[in-house]
Amino acid sequence: MPKFESIDHLREYRRQLIAKRDPNQSQVLVCAGPGCLPMGSEEVAAAFREEFEKNGLGAKVLLKECGCHGLCAGAVRVLIRPQEITYQQVTPGDVPEIVEKTLKEGQVVERLVYEDLHTHEKAAYKGEIPFFKGQMPIVLRKLDVIDPTSLDDYLAMGGYRGLRKALLEMKPDDIIDAIDKSGLRGRGGGGFPTGRKWRICQDVEDEPKFIICNGDEGDPGAFMDRAVMEGDPHAVLEGMIIGAYAIGASKGYIYVRHEYPLAVSRLQLAIEQARESGFLGKNILRSGFDFDIKISRGAGAFVCGEETALIHSMEGNIGEPSPRPPYPAQSGLFGKPTVINNVETWANVPEIINLGADWYAAIGTEKSKGTKVFSLVGAVNQTGLVEVPMGTTLRQIVYDLGGGIKGDRDFKAVQTGGPSGGCIPAQFLDLPVDYDSLQSVGSIMGSGGMIVMDTTSCMVDVARYFINFLYEESCGKCTPCREGLKNLLFILDEIIHGRGSEEHLALMEELCGTMATASICGLGKSAVNPIRSTMKYFKDEYLAHIRDKKCHALVCRPLLKYTIDPETCTGCLACVRECPVGAISGKKKMAQELDQELCVKCGLCYEACQFEAVKVE
Amino acid sequence: MVWKISDETAFDTLGEEVRLTINGIPIRAPQNQSLLVTARANGFEIPTLCYHRDLPSEGQCRLCVVEIGEHPHTQIVNSCTYPTSPGLVVQTHSEKVMQARRIVLELLLARTPKAKLIQELAAAHGVYESRFKTDDPEELCILCGLCVRTCREVVGVSAISMKGRTPDKQVATPFLEKSPACIGCGSCAFICPTNVIPYTEKNGVRTIWGRDFELQACTVCGNYIEPKYQLEHWAKITGDPVETFFVCKDCR
């Protein structure tokens with residue numbers, strides 16, 4: 001890798017790089033994203049390597065382990081280019097057949113291709129699969145094409161073209177104007193206009209200035225930022241370098257959680273490559289601009305995703321938020337002006353600079369521009385990472401991309417924005433998703449988690465799950481969040497155990513009101529969303545728990561009642577053998593009886609019964 | 001980095017005089033002075049638990065909240081760190097503010113049912129009993145952090161800090177062991193609004209945070225002055241010989 005001495009040098013290198021590459025080169029791209037890696041990507045890649053050797057294909061076919069391909073439900077995924085054939089659920093055992101049929105003979109291995117769940121139509125090519133058709137990848141564009149450890153791959157895909165343009169053609173003010181005009185808003189959840197944030201920081205007369213990339217993604221079920229950091233680390237760096245040039249920062253930090261070791265090592269490698277090639281360090285591309293990036297690892301506190309807490313954590317202090325103002329853009333890291341943006345925000349920046357603010361502003365809704373990456377998880381058929389234009393409806397995301405609800409059950413709710421988001425019911429399925437529309441129905445964009453729930457979910461239990469998560473993660477600094485979450489959890493537990501009352505609901509409402517206004521940071525302020533939204537849209541479920549002492553979704557164990565129907569019971573004693581507390585008794589080949597006093601409601605008898613004689617309500 | 005805006009330190013950052021209104025009354029105050037100081041200086045009482053004029057405010061207790069802005073775009077902020085700015089509209093006792101204070105006090109009353117200060121403040125806000133859950137009826141700590149800040153900012157040793165998260169958070173020495181940094185000065189116990197930091201003095205020995213500190217007797221009158229460690233700390237920061245401090249205040 002050469003050290004680029006000038007912008008022309010970079011352009012020439014890229015030209016040669018692209019000229020050298022054959023667009024019809026056979027490539028096998030094995031997904032090594034967060035979903036596929038634990039399912040055995042490395043083994044599949046090793047099998048390909050071995051098979052190539054056997055068949056003497058090593059020189060002809062290029063093998064890459066790349067970032068997330070998106071459709072995690074089909075892990076391990078393999079993409080064959082240039083035909084764009086995708087295979088799913090590939091195991092090392094399938095590899096010889098793929099090599100033999102597809103790579104040698106150009107045929108499709110039918111049994112490994114995508115099959116529509118409803119129509120049973122098969123689709124071998126990426127462009128034919130509905131999951132990919134409805135998407136508009138900007139941030140995820142390069143993930144399934146490039147080798148994340150190769151700077152050449154990134155350059156060949158147009159990487160650092162945004163930086164080149166920024167340094168060559170634009171003044172810092174022009175860059176901020178462009179970001180402002182593009183309408184880009186913070187992708188970490190708050191949705192603050194990025195251009196405005198940069199402008200505030202640029203205007204502060206204090207040196208040095210800092211840039212921080214927030215990679216402390218901690219929402220349960222979310223892996224958008226992880227996928228980007230692992231799959232396209234240079235995009236994050238390029239965005240940060242452009243941002244630093246715009247606001248006049250000399251130093252940048254990427255705050256990554258320690259639980260993402262692969263993201264840390266990929267970013268570290270990318271930083272070293274960027275330094276070697278002259279994209280980082282002194283006098284970047286001979287422009288006279290100095291900037292360097294370091295990685296700072298978080299120890300795993302959810303609250304450290306909050307910008308002021310993150311800064312305290314980086315300074316070596318306790319990771320607790322502090323009241324704003326001052327905002328980090330005025331007084332952030334070590335008291336100096338600091339721009340802090342999320343991974344996805346930074347990854348958008350090079351594309352905006354490269355393709356122009358107008359191009360970006362044309363995508364999305366009136367107040368929310370561009371695309372958003374969501375991690376679509378839960379009760380959908382096709383879980384995975386999706387990137388759609390702002391304004392795409394929930395129905396499109398859940399049904400068209402997600403392939404509908406598992407087991408053809410009914411949709412109940414979708415929870416957006418991580419643990420402190422709200423649960424959106426079916427009546428809002430046609431809601432175009434953007435920052436403001438989500439807020440209007442009591443939820444938040446958050447960083448883009450999207451958990452789909454079907455009728456087997458109990459909304460009281462769901463609220464309890466998220467409140468418990470937040471209770472454990474509350475830093476405990478301010479009274480409303482610390483004591484409030486404890487009491488919300490206590491009340492929900494009372495309701496789940498059949499000890500709830502309607503006064504409890506009123507008290508929760510009151511408590512939520514104060515937590516939402518008087519907490520220090522976003523954690524406490526938005527922690528009320530799961531409760532408020534479920535109490536608003538699923539009040540009947542709360543009332544069923546309180547008045548009838550029933551959980552209709554059969555989730556809240558203390559409210560369940562198991563009985564044995566004497567008519568259907570054959571006396572096979574299968575349940576008796578399973579019962580851990582000896583609550584079932586009776587003679588062999590006679591109807592059994594269940595002692596309600598002893599029953600611990602574990603449900604083992606229900607599962608053991610072959611004759612559906614054990615009833616639950 | 002703590003943004004210092006207490007009376008003591010605010011002067012560095014204070015700007016020109018600005019006009020704002022508090023509870024409908026036009027006020028003049030230096031820009032960037034905290035709303036709490038501004039309101040109190042103008043006779044508007046705002047209750048606080050974690051505020052101290054000599055310490056940087058961190059906004060823990062949320063009792064000093066006020067409502068800023070004009071209907072319908074108002075916002076609840078804590079007045080101890082929120083700076084004055086031209087044209088700011090502030091309400092110190094609006095319905096929203098009072099509701100927040102009542103709930104905060106009700107939560108604290110459940111946390112520390114026997115703390116006198118909380119009982120009195122709650123009663124002053126019409127809260128006589130709490131609908132919330134009490135875990136430990138003997139608990140007295142309200143986690144205001146005054147002790148931690150005093151130890152760090154005034155004493156300058158940081159012998160204690162907050163440990164853990166959630167309501168189980170507690171003020172503690174590192175690893176709950178005897179802290180070698182502690183000088184036994186007792187400032188933490190002195191500043192504590194609910195008197196929860198145990199502290200004894202017997203036969204020339206002060207015991208605090210699990211450590212015994214030998215007290216220095218005055219070389220003139222023989223009365224105990226302070227722990228030897230503390231006098232050594234004074235000697236270190238002033239550069240004077242430690243013997244300078246072996247004479248008590250009365251005998252000097």
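Chain B of this predicted model is divided into domain 1, residues 7-93, and domain 2, residues 146-251. The C-alpha centres of these two domains of chain B lie 33 Å apart. Where they touch, domain 1 of chain B gives six residues and domain 2 of chain B gives seven. On the domain 1 side of chain B, four of the touching residues are nonpolar, one is polar and one is charged.

Now turn to chain A. It holds 24 helices and 19 strands. Its C-alpha trace spans about 90 × 65 × 40 Å along the principal axes. A compact globule of 617 residues would have a radius of gyration near 25 Å, and chain A has 27 Å, so the two agree. In chain A, 54% of the residues count as buried. Take the contacts in chain A between residues at least 6 apart in sequence: 72% of them join residues at least 24 apart.

Next, pick out one helix. Helix 11 of chain A runs over residues 261-276. Its 16 residues should span 22 Å at 1.5 Å a residue; the end C-alpha atoms are 23 Å apart, which agrees.

Which residues of helix 11 of chain A are buried? They are A:Ala263, A:Arg266, A:Leu267, A:Ala270, A:Ile271, A:Gln273 and A:Ala274. These cover an arc of only 165° around the axis, so they sit on the same side of helix 11 of chain A. An α-helix has 3.6 residues a turn, so residues three or four places apart point the same way. On the other side of helix 11 of chain A, A:Pro261 and A:Glu272 are exposed.

The buried residues of helix 11 pack against several elements of chain A, including helix 5 (151-156), helix 10 (233-247) and strand 9 (292-298). After helix 11 of chain A comes A:Gly278, with a positive phi near 85°.

Methods
Residues are numbered from 1 along each chain as its sequence is written. Chains are lettered from A and ligands numbered from 1 in the order in which they are written. This is a predicted model: local features need pLDDT of at least 70, side-chain atom pairs count only at pLDDT 80 or more; totals for chains, interfaces and linings use all residues. Helices (H or I, at least four residues) and strands (E, at least two) are DSSP runs, numbered from the N terminus. The radius of gyration is taken over C-alpha atoms; the globule rule is 2.2 Å times the number of residues to the power 0.38. A residue is buried if 20 or more other C-beta atoms lie within 10 Å of its own, exposed if 12 or fewer, and partly exposed in between; C-beta atoms are placed from the backbone. Two residues are in contact if their C-beta atoms, placed from the backbone, lie within 7 Å. Domain bounds come from an automatic or database domain assignment. Ala, Val, Leu, Ile, Met, Phe, Trp, Tyr, Cys and Pro count as nonpolar, Asp, Glu, Lys and Arg as charged, and the others, Gly among them, as polar. The expected span of a helix is 1.5 Å times one less than its number of residues. The arc is that of the directions from the helix axis to the C-beta atoms.
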